[in-house]
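Hi everyone, thanks for making time this morning. I'd like to walk you through a structure, so let me put it up on the screen.

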Amino acid sequence: MFAEKVFVVASLVAVVSALGMLISRSPVRSALWLILTLFCVAGLYLTLSAEFIAVVQILVYAGAIMVLFLFVIMLLNLGALPNLERVDFKKGVGFVLGVAILAQLVFLGATAVGDFPAAASDPEATGAATAIAKELFTRYALPFEMIGILLLVATIGAVMLAKHRFE
Amino acid sequence: MDLDLLTVLIVLLPLVGAVLTGLVPLFLRSFRAHKGLLGAVGTLVVAIPFGLAAWIFVQGGSQTHVTSLYTWMAAGDFSVSITYRIDQLSIIMTLVVTGVGALIHLYAVGYMYSDRCFWKFFAYLNLFIFMMLNLVLADNLLVLFLGWEGVGLCSYLLIGFWYEKHKNSVAASKAFIVNRVGDFAFLLAMFILVKELGSLDFGAIFSGMESLSAGSVTAVVLLLFIGATGKSAQIPLFVWLPDAMAGPTPVSALIHAATMVTSGLYLLARLSPLVLMAPGVMMLIAIVGAATALVAATIALTQQDIKRVLAYSTVSQLGYMFMAAGVGAFFVAVFHVVTHAFFKACLFLGSGSVIHGMHHVELELRREGYEGDFDAQDMRYMGGLKKYMPITRWTYLLSTFAIAGIPFTAGFFSKDEILFKAFEFGFDGHTYAWIVWAVGIATALLTAFYMTRSYMLTFEGSSRWPKPSNLHPHESPWSMTLPLILLGALSLVGGFIGLPKVAEEFGLHNWIHGFLVGYEGRAGPVAEPEMHAHVSLWLESALIALGALIAVIGVVWAWRFFARHELGGDELIRGRFGALYQWCRTSYYWDRLYDRSIVRPVIGGAEKVFAPFDQRIVDGLVNAIARIMQAFSWLFGRLQTGIVQNYALAIVLGVVLILALMAF
Amino acid sequence: MEFPHLLSLVIFLPLIGAILTLFAPTDRSVRVFALVVTAFTFVLSILLWTEFDPSRAADLQFVSGDFPLISADIDVRYLVGIDGFSLLLVLLTTLLGPIVVLSSWSYIKAHVKGYYTLLLVLQSGMTGVFCAFDLLLFYIFFELTLIPMYFLIGIWGGERRIYAAVKFVIYTMVGSLLMLVGILYLGIEAGAAVNSGVFTTDYFKLLSFDVPLGMQTWLFVLFAFAFAIKVPMFPFHTWLPDAHVEAPTGGSVILAGVLLKMGTYGLVRFCLPFFPSASASHALLFAILAVIGIVYGALVSRAQPDAKKLVAYSSVSHLGFVVLGIFAFTLESLQGAMIQMINHGISTGALFLLVGMLYERRHTRLMADYGGIARTVPWLTFFMVLTALASAGLPGLNGFVGEFMILVGAFGSAAIGSPILVGLATTGVILAAVYLLWMLGRMFFGPVTHEANRGMPDLNRRELVVLVPMAALMIILGLMPQPFLRVSEPAAVRLLETIERKRALVEEGDLDGMRVLQQDGNVQAAPAPGGLIPNGDQDSNPIP
Amino acid sequence: MGVPLSWYLTLSAVLFSIGVTGVLFRSNLIVILMSVELMLNAVNLTLIAFSQYMGDVSGQILVFFVMAVAAAEAAIGLAIVIAIFRNKLTVDINNINLFRH
């Protein structure tokens, strides 16, 4: 029953930190909250015995992307926003829609999915890196290469966009 | 020479003249200088047809001859062709048109010699004669209509001949448009005939007219009458004739006295069998004729301008003709057309000669720097001209006697015949004819009075133009006085072709009656109502005596009245009648009535209602639709605010909707 | 006919000429070349007239082309031919060609090459419209004429030319697009009924297809709406004054002379024979609209300060007569409508030429700027008075023939059935005289008000060469219209016969569904159903 | 016995809607980008949950790819933010309406 306790804790922390990210005025603090959320999600992956993904999550997401975010925030030295942005019509609608989506997803989740077995049959078969690697490099070889190219293009694009043009 | 060629020659010669004197000088400017040649060609081209017509008349003008040239319009079984018909009625009218026309052309050579557009004048006159001959010689209503509108066109061109003055061109347009109103009714009559009978030829009309329903006969005759009032200036549509005096005097003489204005009469005479089938309309014709005669006579009494006096006198005499037509005496109407052509043309040419003289006086006055107002046509500046213009004076006097109806002059025979026929028609049971007769007698008196007034104010009494001693008009050249003499003689002799019945006692029958209506079994083109009751002989001679008496009284009374008072006479009359005088002076305010009731609403309506309506509403509607489209495109434009978040909002909204959809 | 494709040559020669003018070096050579091309086309069309066999005027002659247009499997063919109706209109088009080229000689100074190329394209488009015997081909030519006209008005026009050009194109386009819908639907239905399922727009197959009553009504509305805009009829006429006022002289002569006739020709060629019952039931409505157009057009033109707008509104009035003639369904009125189309083309074309010449001299169209110029320009005055009288319908000139036959036919017509309405239309004759004489009075007669008018030069030789043939035609058509009427009479008789027969079939309901009329499909024998030309025993108003 | 699948789904639904609200709610461009990252994570969570319960490893591979894409997207996003910042000196989304002509 250890897994259920871990799940509950991780999910609660994740939700709280997500809300934290949402509400905090300073972008740095919301970035930190997001990093915490990512760690919780990684934890959840572990409960689902997907260790490789959990590690990759921490490495890529928490490590690389959030660092990039923090770096950019530092670069643009964005101070804390002066006041809580005025809540105008668009904000209100946004909030309502968010809740609406939540309600719908939960409703759909409850009705449509119920017929799956409560737990997995054999955790090793799915979680281990070897299984992923075998699949990755046989059936999904082409997408793998595509991703490589995608990342290359993204880097070049980022460099071009952000380069300071000395005209 | 067969009649076909003759007819074509008679009709086409004036057209050739019109082209020679019109188109050629228009494009070859050098030709304009040869006025003598142009005048000669213009006159010859009318005189020769007169000769030809006279030859046909002498040769045996009794049998009818139809010459068809070619099919004008044809569609299925309705077809109209250019055909001319020579019979008694048309030969008489041709003789009048070409005869009087030739004299007037000769007169015009002298009268218009100083005018710059001499060539254009003769072109229009010849074109007019061509159109008039088409009208008179037509064998179907459409060719008659061709002539009908053609003469309307020529009167428009000739009235507006001196177009530099704005009022002349306005008068010309007015004449054409009022004629067009009449032509509108004429067209409708033709449509009914085509719908009922399928053809417009006179032969087809006369043979098929029994099959016409009473309603359509009345409608056709009424519409033709309205058309005739337009052309012959009767009560509703006579307003254009007085203004038509803006044209040169030969034009007034030819068109607005002798020929064009009588075409309405000719139409009724030509379709007399049809008109006789609509007694109701005949009553209307008689009444309108009588009313016009009386009204015009009263107005003529009050006019200062010599040409306007004659113009209203023409309207009055035309009233007499319509009276005759109204009581069924078509041949007498034609007889009066002939005699009227003689003395009225002579009067107009006489007044033209006077105006011509006074014009020279005016030129001298202007050269000597006289600034005061002077009008060559105003009788107030004339007087005592008999000393300077003897021929004009005598011919004018003779024609005045003729129009007044002094015994044994042309007017006496024709006018009294009309009055007698009216009386006899009344005797035959049509009571309205007696009223017409009474009005006729009153008008005869008035006619005698105002005509003698015009003679006295012009030729007798003291000379009233500035500096009369050293400046006075001279007698017109022979080319003007010769026609005067001829016409004067004709207006004396002309009456004897239509002797009254009482003359049969002395073995002299009424020639024109025999010629037109029929003599010993040979029926002429003009119909006549069967008369049951006949007026006894002594009653007829009493009526003739009455007519003569009235004429003499009118002339003598006016003579002595104006001999004593001269211009003062008008003041006396104004004093006695007052408001009525002013009412007549402005011709019963007809012009103002039409202007306010028809012209202004139509033109004003067009400018204030229709044009803006078209501009704003109909066009506005189209532009409005265009603007609505633009509004829509602007509205959609606003949605693209450019703020990314809004788009995100839209996307999420879409997602929510889809999810909601999935739920059901 | 010795030359197999004479007609196609007459249609496409101007188009070829248009392409060749692009290579002409100098402005002058462009003008000369355009004149040569249009004149040669006119000569060819004269050949058409002499070769035309009047006795068989109801059948299709000079048939040429007849190859599938879009693709083999749908029955849309390039089929051009001439019958009684189209011959006169083709002659009018080719006649106006050289006249417009000559009249724009000194008028157009900018982009001369562009102007003449567009003019030639327009010329072939218009000729094509009158010879197309395939509905879709007709539509293509119908639209082809819009584009050059748009540029003619848009580039060489007056101040508000863009507004006028755009309004003209969109207004006409709305109508013709609706018509396209009608054409496609009709093609499908006819294909199913008559052409064994294959979509067809061949004129004779459509003619043999008896459209059931329900469909006939709204198809008629579609077609009639498009043609009503083109005519233009009363409520849809507001594009005409703007287009005319802003168009250059040559443009407005072509616009008035020929483009307006495409509307009336369309009514006669397509609306009446294809949907006879619907046309008959709407006859009174169209007659009323036509009469409103006559009276309303005349009144509004009386209130126009601008000479060109006055003539434009007079066209609305004159074409009201033509529409009245068409919807009277009698032989006289139909013949009158056909000849009135030609007359209007000549007299209004001449009016526009004269107003254009005045514009070239004084660069103003406002009548108030002129006054008493009869003295300074006698030749121009002579032609203007002659043309004004011709369009006012003076007997002896060409306007009267058409108007008289229309009114006579309409008066006794059972389809309209109300002589009072025709009486009202006849007042148009008076109103025509009113506004034309008013124009003459204000511009030509009366005292000379403006100094500039005194020095105005009279017509030069080139202008005379343009005006003399027009004046001659007015007189010839006025006195001897018979050679022209004889050509269109058999076609008119055939049309009335077809209408009567098809109405009898459709209305009596003995039509079980879409029973097909037996008639041989091949076009060569020009199989328009119905016997030969009856020898005139045809009752003048056949509709029961 | 493991945690039932529906819990995971509910959790990811919550995270996802927080992410959406973040995108719509916040006006700071960078926070919006972060919210997008959060939404992606929520999706990854469901993927992993399903791959676990369905015993099919391709779910995890897909997550792997999603992460790669997310990384690229973040990089580009931030580059754009920098470019906008240099140009307009603001990251407030309301002031940036480049689309409007």
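Predicted model: local features only at pLDDT ≥ 70, side-chain atom pairs only at ≥ 80, totals over all residues.

Okay, let's start with who touches whom. Which chains share the most contacts? There are four pairs of chains in contact, and among them chains A and D come out on top. On the chain D side, 60 residues take part, and they meet 74 residues of chain A. If you look for where those chain D residues sit, the elements that give two or more residues are α1 (5-25), α2 (29-54) and α3 (58-88) of chain D. The largest share comes from α3(D), with 22 residues. And what kinds of residues are they? The side of chain D that touches chain A has 45 nonpolar residues, 14 polar ones and one charged one.

Now turn to chains A and B. Here the contact takes eight residues from chain A and nine residues from chain B.

Some pairs don't meet. Chain A and chain C do not touch, and their nearest C-alpha atoms are 41 Å apart. Chain C and chain D have no contact either, with their closest C-alpha atoms 26 Å apart.

While we're on chain A, a word about its domains. The assignment gives domain 1, covering 1-79, and domain 2, covering 128-167. Taken over C-alpha atoms, the centres of these two domains of chain A are 22 Å apart.

Find helix α2 (residues 27-51) of chain C and helix α3 (residues 84-103) of chain C: their axes are 9 Å apart, and they pack at an angle of about 160 degrees. Are they roughly parallel or roughly antiparallel? Angles over 145 degrees count as roughly antiparallel, so that is what α2(C) and α3(C) are to each other. The crossing of these two, α2(C) and α3(C), is left-handed.

Who makes that contact? From α2(C), the residues include C:A34, C:L35, C:F42, C:L48 and C:W49. From α3(C), among them are C:L87, C:V90, C:L91, C:P98 and C:L102. Counting by class, the contact of α2(C) with α3(C) has 13 nonpolar, five polar and no charged residues.

That's my tour, so over to you for questions.

Definitions and conventions. Residues numbered from 1 in each chain as written. Chains lettered and ligands numbered in written order. Domains from an automatic or database assignment. Contact = placed C-beta atoms within 7 Å. Axes fitted to C-alpha atoms, helices over the stretch in contact; angles between N-to-C directions. Helix = DSSP H or I, 4+ residues; strand = E, 2+ residues; numbered from the N terminus. Parallel < 35°, antiparallel > 145°, perpendicular 65-115°, else oblique. Left-handed = near helix turned anticlockwise from the far one by under 90°. Nonpolar A, V, L, I, M, F, W, Y, C, P; charged D, E, K, R; others polar.
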